[in-house]
Amino acid sequence: QVQLVESGGGLVQPGGSLTLSCAASRYMFMMGWFRQAPGKEREFVASITDTTDYADSVKGRFSMSRDSAKKTVYLQMNSLKPEDTAVYYCTARRVFESRGRVPASEWDFWGQGTQVTVSS
């Protein structure tokens with residue numbers, strides 16, 4: 001059982017930056033971020049194991065990282081666009097596998113979600 005607590009969402013202007021945090025109750029090797037906009041499916045944003053992976057839509061703009069204790073992960077979002085507006089969810093998985101990206105239904109633990117709005 002793992003609890004995930006997110007923070008850092010808010011309103012930001014296009015081109016601005018925002019950093020999301022996710023504090024886990026225990027260390028989990030495989031963690032990720034998904035986002036969901038109204039009327040859209042929950043989509044993969046980024047994941048971290050001993051490497052990072054990013055969706056094409058955010059590659060080069062977003063960075064995922066861990067703190068030194070490895071209980072908190074971050075999503076640094078730069079050059080934000082209106083289409084980045086969504087609820088962002090932190091997630092963790094019990095088992096690591098390198099068989100490609102894992103769909104949302106196969107992640108085990110989820111945060112409550114935090115709203116990110118990119119608008120002038």
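This is a predicted model: local features need pLDDT of at least 70, side-chain atom pairs count only at pLDDT 80 or more; totals for chains, interfaces and linings use all residues.
Six salt bridges are present in the structure. One of them joins Asp84 to Arg61, with 2.7 Å between the closest N and O atoms. This pair connects distant parts of the chain, 23 residues apart: Asp84 lies in the loop between β8 (72-77) and β9 (86-93), and Arg61 in the loop between β6 (52-54) and β7 (62-66). Asp84 is classed as buried because its relative accessibility, 1%, falls under the 20% cut-off. Arg61 is also buried, at a relative accessible area of 11%. Both residues belong to a network of salt bridges that links Arg35, Glu43, Arg61 and Asp84.

A further salt bridge is formed between the side chains of Glu106 and Arg93, at an N to O distance of 3.9 Å. Here too distant parts of the chain are linked, with 13 residues separating Glu106, in the loop between β9 and β10 (109-110), from Arg93, in strand β9. Glu106 is partly exposed, at 39% relative accessibility, whereas Arg93 is buried, with a relative accessible area of 11%.

Asp108 and Arg94 form another salt bridge, in which the closest N and O atoms are 3.3 Å apart. Asp108 and Arg94 are 14 residues apart, and each is located in the loop between β9 and β10. The relative accessible area of Asp108 is 31%, and this residue is partly exposed. Arg94 is classed as exposed because its relative accessible area of 59% is over the 50% cut-off.

Key:
Residues are numbered from 1 along each chain as its sequence is written. Side-chain values use heavy atoms; hydrogens and water are left out. A salt bridge is a side-chain nitrogen of Lys or Arg within 4 Å of a carboxyl oxygen of Asp or Glu. Helices (H or I, at least four residues) and strands (E, at least two) are DSSP runs, numbered from the N terminus. Buried means under 20% relative accessible area, exposed over 50%, partly exposed in between (1.4 Å probe, protein chains only).
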